[in-house]
Amino acid sequence: MDVDIWAWVADTQRQLHEAGNTGLAIALGDLPAQALEGRYPQLDVMAPAVAQQAEALELPWLEFFARYWHLIGRVGDRAQGEVALADAVALVEFTRRADVRDCPSVVAATEALAQCQANIDGPGYAAERLSALGAALDGLPPSSPAFCALAAQYVAALADAGDHAQAVAYQESAAARRREAQAQVSWELAAAGVRALLGAGRPQEALAALEAAGEFPADDPVAKDRRAGVLHALVLARLGRSAEALETLPDLDVVGDHPRDWPEWATAVRALDGVISNTWQLGRVLRQWMAYYEAMGVHRHRVELALAAGELAVARQGLWQARALADLAATWLPALRAADGLGERVAALRAAADAATPLPAPGPQDELVAYFDAADGHNADPERWVGWLWPLSGTDLPATRRHTTTLGFLGYAPIGADILWKTVVEDGDPATAEEEDVAYLTGVLLEAGQDEKVERFAAMLPAPAGHLALARLHRHRERWAESAAEAELSLEAGAEGTVGLEARRLLAGAVQQLGDNAKGAGILRELVESGAGEEEDVWRMVVMATAAEDWPLVRLGAARLGMQLDSAEGPIEEEWHLVRVVLPVSDGSRREVLSVRTGPATARLLIPQPKGMDYNAGDIVVIDPRPLEPVPESEEERESFVIPFAGVSLLRPGGYTSWFFDGAAPTEDDWTEFNEVLAERGWPMWVYSDETYSITHPAGGERLQGVYGWIAVPPGVEPVELDAVLDDATERWSHPLAWLDLARAAGIEVERHERITKEYGL
């Protein structure tokens with residue numbers, strides 16, 4: 001984005017603040033951080049909301065800003081492909097509007113579209129990218145902050161077109177023009193040159209260029225170290241310096257959440273096959289990455305991952321997986337615009353798998369099921385067991401069950417579904433199949449995404465099992481009304497045993513999702529009182545009964561769980577222990593709120609929340625009593641550990657109102673006294689600022705330590721009362737504290753608080 005746009009952003013934020021659109025002003029400034037820091041749940045909610053408000057306010061530059069950062073968050077680190085293409089094209093079209101095209105940063109839309117096309121199929125879109133990027137760069141001054149990003153994309157497009165020499169030359173020219181303009185070269189532009197040098201077969205020069213770029217500023221500073229580590233490892237691997245490359249390569253848990261890095265990381269790993277730990281776990285992760293790319297329409301990278309994963313599988317003698325990956329790659333090739341050489345690589349992978357010697361089974365074929373069941377679940381290699389069980393699968397039912405579920409675990413559910421379908425449906429009689437096999441087949445079909453086969457299978461089953469299969473299908477797709485209806489039909493048809501048990505659980509869960517907690521709790525009560533239920537059913541009943549405020553049923557569940565309660569009737573409102581309640585925020589993120597547990601499935605929030613939140617201090621919320629984190633084993637760690645629980649719903653609002661304060665931090669004694677004044681009245685207060693927050697001294701201009709936060713007051717406390725308490729508590733402070741919104745609500749000294757806010761730059 002161009003520097004002028006940032007000045008415009010600051011000015012727009014000020015105007016929005018002055019117009020009372022504080023939430024929009026804050027969101028506007030936070031969108032780039034959300035995109036670069038990976039706060040995608042927030043970005044996916046806030047960016048469209050900002051764009052929609054901007055459209056309503058007739059602020060087209062603001063709409064472009066929001067749409068651009070949302071798109072970058074999608075096609076950048078998340079590497080979305082075809083699923084984002086229409087939005088990328090639409091953004092480019094938007095920049096051609098008369099009221100948008102003069103925005104100094106509209107060229108960034110071309111960059112985003114080129115990135116999206118590169119994600120889909122870099123070589124296939126190379127010509128289109130070069131044309132669009134060339135037009136955007138034509139006449140763009142090298143001093144523009146947009147220059148490096150566009151030039152880096154142009155270099156990548158040249159490399160994808162196979163013209164590596166030209167890519168190297170263009171990058172060197174772009175970097176030189178940038179320096180001549182007295183501007184810094186971005187790390188991303190330098191990295192594009194490194195990749196071009198690798199493509200040109202000049203790894204030693206690539207290493208020198210990468211090391212020289214170490215201190216260059218990055219357009220994406222959050223990702224710089226990680227991406228530099230991956231690229232460094234790849235360059236060192238090409239130079240045959242495997243030990244150094246392995247030392248430089250970021251761990252799997254570092255790159256696992258960053259799809260943009262996966263192709264380069266996998267290429268480096270393939271080059272380091274001789275020194276890495278080439279395990280079934282690696283193969284499983286690579287298969288998960290392919291599934292992500294498949295969902296996002298990232299066609300070339302999924303093929304390249306399949307080939308790299310297949311070659312690694314051959315190296316560890318996972319030959320069935322190598323063949324399966326070759327088949328996948330072959331089915332994906334038609335989605336590419338340019339598949340030169342990839343068909344030959346698929347054929348080479350198949351030939352390598354066929355030429356390799358499979359590992360011998362650990363025992364006689366007719367004893368393999370027993371060997372499988374006796375294997376150590378922690379140390380056994382499921383990839384090898386798939387190969388060993390394959391000759392039995394489809395003919396021996398116990399072996400087929402183990403084989404197909406293990407295939408699903410490793411990411412090959414469709415293969416397992418086909419085998420089990422043939423065994424149970426085509427070669428057997430579904431109407432007389434064992435419940436275990438019906439459950440197995442339904443599960444693998446759902447995992448494989450074969451909904452139509454689930455429906456066909458359900459029609460072949462006895463009514464109770466058939467309706468249960470459909471209920472599972474609808475639950476899997478979060479169609480709660482349909483799931484509840486099918487579960488009820490299963491029970492009405494006489495479902496018994498494990499079928500009846502699962503039908504009741506599905507029905508209870510579905511009606512809970514539909515908001516009928518009382519009915520869900522009643523369904524689970526039948527299980528609990530019959531003795532057929534398990535401890536988890538009791539807890540689920542307690543949660544639903546709490547949400548329905550059926551306190552006798554909550555007490556019944558607590559007694560079943562061996563929990564002692566202080567009261568015998570009425571609402572359960574006790575003081576147990578501190579917990580962390582994790583609650584959703586309207587921007588798509590989640591917030592932990594320190595609370596006190598007040599019952600088996602309730603907690604009272606202790607921390608004031610900003611205005612506009614769906615909850616506040618004093619609210620009673622229903623919690624899921626299953627801890628989100630394991631309790632530490634050591635006694636020392638347990639002493640300071642506060643258990644986190646997921647918030648389920650708001651049970652009873654406390655009616656508290658939050659008010660914002662901001663200003664210079666006082667002395668320690670003044671701050672202690674301030675806290676005591678609020679604590680005496682039972683008014684919760686929480687500081688949201690940290691030690692990095694500073695404000696401007698109005699006289700000398702030096703930076704002062706700042707503090708801001710929220711105070712929550714219960715119902716009945718009027719703004720004038722809180723204003724008077726704050727005024728009295730802070731009157732002797734060296735620097736004043738501001739509470740502008742409160743002053744406006746109270747109608748007291750509004751101009752003074754406006755002056756403080758302006759003078760201190762709050």
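Arginine 744 is partly exposed, with a relative accessible area of 48%. In this predicted model, arginine 744 meets the side chain of aspartate 741 in a salt bridge. A search of the whole structure finds 54 salt bridges.

- The N-to-O distance between arginine 744 and aspartate 741 is 3.8 Å.
- Both residues belong to helix H35, where they are 3 residues apart, about one turn of the helix.
- An α-helix has 3.6 residues a turn, so residues three or four places apart point the same way.
- Side chains of opposite charge can pair when their charged atoms come close.
- Aspartate 741 has a relative accessibility of 40% and therefore counts as partly exposed.

**Salt bridges between separate parts of the chain**

- Aspartate 77 pairs with arginine 260 in a salt bridge, and their closest N and O atoms are 3.9 Å apart.
- Aspartate 77 lies in the loop between helix H4 (60-75) and helix H5 (82-94), while arginine 260 lies in the loop between helix H14 (252-255) and helix H15 (262-271), so the pair ties together parts that are 183 residues apart in sequence.
- Aspartate 77 counts as buried because its relative accessibility is 9%, and buried means under 20%.
- Aspartate 77 and arginine 260 also belong to a network of salt bridges, in which they are linked with Asp220, Arg226, Arg227 and Asp261.
- Another salt bridge joins the side chains of aspartate 373 and arginine 402, at 2.8 Å from N to O.
- Here the linked parts of the chain are distant: aspartate 373 is in helix H20 (residues 368-374) and arginine 402 is in helix H22 (residues 397-409), 29 residues apart.
- Aspartate 373 has a relative accessible area of 46%, so this residue is partly exposed.

**Helix H17 and the residue after it**

- Helix H17 covers residues 299-315, which makes 17 residues.
- From its first C-alpha to its last, H17 reaches 25 Å, close to the 24 Å expected at 1.5 Å a residue.
- Of the 17 residues of H17, 13 are buried, so the helix is largely enclosed by the rest of the structure.
- H17 is followed by glutamine 317, which has a positive phi.
- Glutamine 317 sits in the loop between H17 and helix H18 (319-332).
- The phi of glutamine 317 is about 70°, although this residue is not a glycine.
- With 34% relative accessibility, glutamine 317 counts as partly exposed.

- Glutamate 749 is a residue other than glycine with a positive phi, near 50°.
- The loop that holds glutamate 749 runs between helix H35 (740-746) and helix H36 (750-759).
- Glutamate 749 is partly exposed, as its relative accessible area is 42%.

- Glutamate 639 has 65% relative accessibility and so counts as exposed, the cut-off being over 50%.

Methods
Residues numbered from 1 in each chain as written. Predicted model: local features only at pLDDT ≥ 70, side-chain atom pairs only at ≥ 80, totals over all residues. Heavy atoms only, no water. Helix = DSSP H or I, 4+ residues; strand = E, 2+ residues; numbered from the N terminus. Expected span 1.5 Å × (residues − 1). Buried < 20%, exposed > 50% of the residue type's maximum accessible area, 1.4 Å probe, protein only. Salt bridge = Lys/Arg side-chain N within 4 Å of Asp/Glu carboxyl O.
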